[in-house]
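This report describes the structure of one protein chain. Please study the sequence and the model shown below before reading on.

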Amino acid sequence: EICIDQNGTVLETRIHHQNPQGSMSSTPNTVSAPEISDCLSKGDFTMFVEHIKGLMAVYDLPDCGNVDKSRAWQALYNLEHDLTLLASGQSWVTDINQLIHKTGLGMVHNRAGGIPMKLRFFLPPYELLDMEAQTILPMNQSTITDKNLGFCATITLRPSRDPFLLPLSSLISSTGQDLPITQTNAIPLPAHFTLALDKPLPLSSALI
C-alpha cells in the first residue's frame, strides 16, 4: 500500500501480510516500509523493483496454499526476530573486523522493506583498496554497507518436497533461553530455511 498526497508525494508505504486464523504468533499483519517510500521519493525504481522481488520471494512456495504461505511468512518473521535478539548480544563488539569475522552472526542487516535479512560474514582485505584514489577505504559499517563490500548470506525460505517443522512463535524465551521446536509451537510445511550466498565463494570440500 503506497499512500500519496494530491501532489504525488509519497507519504507512507505499508506492507500487508495475511495471518491465518488461530495463529499462535504475534506476527504483525501490517508493517511500515519507510525504505520503500524513500526509494520512490528518490525515483530509484531499480531498488523499488528489488523490494517487490523480495516480497514476492517470501510467498514463492508453489506447493503451499494461501494459508500455508501465510504461515511460512510467520516462520520467516520469527526466525528474523530471533536472529535480531541474538545479534543484540554481540552489540558490545565495536571493532568491525571482529564483528564480521569473530562473532556468531557476523554483521547483521535487518529486513528493510522487501529486502530480506542478510548476514555479512567475510570481508576480503583487498576490497578495502580504492585503486582509483590509491588509498584504503575506512573500515566502518557505512562504507561496507554503502559499497556492499564482502560476502553476505541472505535468510530466505525455499520450497521442499519434504515437510519441515517451521516455528510459528519465537524460539527464545522471555528469559533468553532456547526453546525446543515441537509440534506445539511449529507446523510442518513443504519449505525450509536457507542461507543463500550473494556470490560464489570457493571452499575446500573438506569443510562441507
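This is a predicted model: local features need pLDDT of at least 70, side-chain atom pairs count only at pLDDT 80 or more; totals for chains, interfaces and linings use all residues.

How do the residues of the lining of the second largest pocket divide into nonpolar, polar and charged? Nine of these residues are nonpolar, six are polar and three are charged.

## Overall architecture

The protein chain contains five helices and nine strands. Read from the N terminus, its elements follow the order β-β-β-α-α-α-α-β-β-β-β-α-β-β. A box of roughly 60 × 55 × 35 Å, taken along the principal axes, is filled by the C-alpha atoms of the chain.

The chain has 208 residues, of which 40% count as buried. Its accessible surface comes to about 12600 Å², and carbon and sulfur atoms account for 56% of that area. Contacts between residues at least 6 apart in sequence show how the chain is connected: 58% of them join residues at least 24 apart.

## The largest pocket

The volume of the largest pocket is about 770 Å³. It is lined by 33 residues, and those closest to its centre are E50, G114, I115, P116 and K118. Two or more lining residues come from each of the elements α1 (34–41), α2 (45–58), β5 (118–122) and β8 (151–167).

By residue type, the lining of the largest pocket consists of 13 nonpolar, nine polar and eleven charged residues.

## The second largest pocket

The second largest pocket holds about 280 Å³ of space. Among its 18 lining residues, V31, W73, Y77, E80 and R111 are the closest to the centre. The elements β3 (30–32), α1 and α3 (66–88) each give two or more residues to this lining.

Which element gives the most to the lining of the second largest pocket? The answer is α3, with five residues.

## The nonpolar cores

The largest nonpolar core is made of 20 residues. Within this core, the residues with the most contacts are L105, V108, I155, L157 and L166. At least two core residues are supplied by each of α3, β8 and β9 (186–197), and α3 gives the most, with six residues.

Apart from its neighbours within four places in sequence, L105 is in contact with L83, L86, A87, Q90 and L119. There is also a second, separate core of ten residues, which includes L99, L128, L137 and L149.

## A proline in strand β8

P163 lies in strand β8. Is this residue, P163, buried or exposed? P163 is classed as exposed because its relative accessible area is 58%, and the class of exposed residues begins over 50%.

Not counting residues up to four places away in sequence, P163 touches P188, L189 and P190. P163 and A191 are 28 residues apart in sequence, while their C-alpha atoms are 6.4 Å apart in space.

## Summary

Definitions and conventions. Residues are numbered from 1 along each chain as its sequence is written. Side-chain values use heavy atoms; hydrogens and water are left out. On a 1 Å grid over the protein atoms alone, a cavity is a set of points where a 1.4 Å probe fits but cannot get out, and a pocket is an open set with protein on both sides within 12 Å along at least five of seven lines; lining residues have an atom within 4 Å of a point. Grid points are joined across faces, edges and corners, and a volume is the space filled by probe spheres set on the points. Helices (H or I, at least four residues) and strands (E, at least two) are DSSP runs, numbered from the N terminus. Ala, Val, Leu, Ile, Met, Phe, Trp, Tyr, Cys and Pro count as nonpolar, Asp, Glu, Lys and Arg as charged, and the others, Gly among them, as polar. A nonpolar core is a set of buried Ala, Val, Leu, Ile, Met, Phe, Trp, Tyr and Cys residues joined through side-chain atoms within 4.5 Å. Buried means under 20% relative accessible area, exposed over 50%, partly exposed in between (1.4 Å probe, protein chains only). Contact means heavy atoms within 4.5 Å. Accessible areas come from the Shrake-Rupley method with a 1.4 Å probe; for residues, only the protein chains shown count as cover.
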